[in-house]
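Biologist: I would like to learn how to read a helix crossing and a pocket lining. Could you take me through both?

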Amino acid sequence: MNAPLSDLVVVSNRLPVDVSVADDATLTYRRSPGGLVAALEPVLSQRSGAWVGWPGAPDFTFEPLRLDGVLSIPVPLTSEEIADYYEGFSNATLWPLYHDVITPPEYHREWHEAYRSVNTKFAEAAAAAVTEGGTVWVHDYQLQLAPSMIKQLRPDVKVGFFNHIPFPPEALFAQLPWRREILMGLLGADLIGFQRAQDAGNFRSCVRRLTGLTTRGHQVLVREPDGSVREVASAAFPISIDSAAADARARLPRIQARAREIRSELGNPDCLLFGVDRLDYTKGIAHRLKAYEELLREGRLKVPGVAMVQVASPSRVGVSAYQALRDDVEATVGRIAGDFGSLGSPAIHYLHQNQDADEMAALYLAADVMLVTALRDGMNLVAKEYVASRVDGRGALVLSEFTGAADELRQAILVNPHDIDGLKNSILRAVAMSPREQRRRMQALRRRVLENDVSAWAAAFLTTLASR
Ligand code: G6P
């Protein structure tokens with residue numbers, strides 16, 4: 001590869017590039033939208049940065065290319081690597097293990113082999129792309145071995161790691177047959193960031209109990225082969241969204257008009273409830289639907305006074321737990337729709353599709369009550385997007401205590417989604433909330449989300465890393 005070297009290299013499983021195929025089979029490459037790219041793009045362009053990642057389809061690759069000032073460097077994966085490293089070890093071993101074993105994690109040695117070899121590929125690509133003394137920032141649970149591999153290949157560079165999902169308590173993490181290797185992989189970094197202080201604490205207690213290394217405050221003391229001691233810092237850096245962009249979009253007349261149109265298409269209910277999630281068992285979609293169904297059955301909520309929209313974006317369709325979840329959710333949705341809706345007044349409108357940013361903004365504005373009932377979630381950016389979109393200061397947010405966002409969004413109605421009766425009461429409280437109380441709470445929520453945006457997050461992480 002003859003691409004120029006970069007001073008800052010971001011590494012994540014997915015490359016933020018959308019590839020489209022024209023009728024004449026020519027390919028067009030565009031930066032895919034998303035908070036993380038938006039936040040990192042200014043600093044990446046300034047530092048002639050690069051992004052290393054998988055282009056998202058089997059056996060597909062292209063020459064490194066510059067998009068909006070950022071060099072995209074693809075790491076191609078074969079179908080077998082996708083099955084074993086991505087669907088297997090990342091999403092059927094680590095994902096459930098790191099999310100409170102909501103679904104039982106599967107431990108397969110060949111998946112682990114693939115995880116190690118794919119992490120090596122990413123590490124080699126990053127090590128080849130970074131300038132002398134530059135910085136590599138590795139993201140998320142799919143790439144936990146990469147930090148130490150990069151450090152070994154390029155001891156001159158600073159390595160940061162950020163975990164976007166929870167880090168499990170030692171009692172659960174200890175199940176992992178490769179627990180020590182994962183911890184040592186992470187400890188190749190100079191700074192390890194987590195969403196919540198709780199995650200960073202879990203990580204350090206796993207290190208103490210499972211590696212024998214000592215910690216001092218937020219630092220882990222790593223003994224190098226030459227006998228020297230390297231300090232690795234671990235701390236919470238709660239991620240956010242491009243709040244100003246979400247706020248600005250929600251102010252556009254076309255978005256406000258679309259929000260009104262959505263409500264009228266749903267029969268103009270007095271109260272519109274809204275949920276939007278990747279179709280993932282961590283999101284507590286079934287718990288939310290159960291609470292809603294019971295409220296309808298008991299007559300405590302009534303159609304057409306109330307309606308619900310649930311957007312479930314397709315996710316990890318090759319993993320069996322996701323297929324089972326889809327069957328379960330869709331059976332419940334069908335029952336609610338069939339038992340309680342009528343023509344022109346649906347009890348629930350379900351979309352198993354991705355929605356574009358404009359439609360999402362309109363849905364947030366149209367929704368009186370936003371339901372975030374995750375059983376475990378690193379952060380939950382949907383909660384923050386809802387808040388940033390409520391430029392009218394209205395709306396009520398029902399938010400699970402088991403999200404990272406709950407640490408910050410204290411003025412939401414906080415719920416334990418396992419407690420169905422509690423959840424039902426909280427939904428009723430949100431439905432009945434006075435405009436005055438909505439404004440009071442939303443004002444405080446908005447202040448928090450607008451101040452602590454994703455650029456502030458990236459700057460805080462990179463500044464801390466630079467000072468190591
Ligand atoms: C979570 C993870 C990300 C991941 C995203 C979508 O937010 O933290 O790393 O990219 O889910 O999942 P997918 O498997 O489609 O990349």
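Modeller: We begin with the helix pair and then turn to the pocket. This is a predicted model, in which local features need pLDDT of at least 70, side-chain atom pairs count only at pLDDT 80 or more, and totals for chains, interfaces and linings use all residues. Residues are numbered from 1 along each chain as its sequence is written, and side-chain values use heavy atoms, with hydrogens and water left out.

Biologist: At what angle do the axes of α13 and α16 cross?

Modeller: Axes are lines fitted to C-alpha atoms, for helices over the stretch in contact, with angles from 0 to 180 degrees between N-to-C directions. Here the axes of α13 (residues 381–389) and α16 (residues 435–451) cross at roughly 110 degrees and come within 9 Å. That makes α13 roughly perpendicular to α16, a label covering 65 to 115 degrees.

Biologist: Which residues of α13 and α16 meet?

Modeller: Contact means heavy atoms within 4.5 Å. On the α13 side, Lys384, Tyr386, Val387, Ala388 and Ser389 meet Met442, Leu445, Arg446 and Val449 of α16. By class, this contact has six nonpolar, one polar and two charged residues.

Biologist: Which helix gives the largest share of the lining of the second largest pocket?

Modeller: A pocket is an open set of points on a 1 Å grid, where a 1.4 Å probe fits, with protein on both sides within 12 Å along at least five of seven lines; lining residues have an atom within 4 Å of a point. In the second largest pocket, with a volume of about 290 Å³, α4 supplies the largest share, four residues. Both α4 (146–153) and β11 (219–223) supply at least two lining residues, and the lining includes Ser148, Met149, Val222 and Arg223.

How values were computed: Angles under 35 degrees count as roughly parallel, over 145 as roughly antiparallel, 65 to 115 as roughly perpendicular and the rest as oblique. Ala, Val, Leu, Ile, Met, Phe, Trp, Tyr, Cys and Pro count as nonpolar, Asp, Glu, Lys and Arg as charged, and the others, Gly among them, as polar. Grid points are joined across faces, edges and corners, and a volume is the space filled by probe spheres set on the points.
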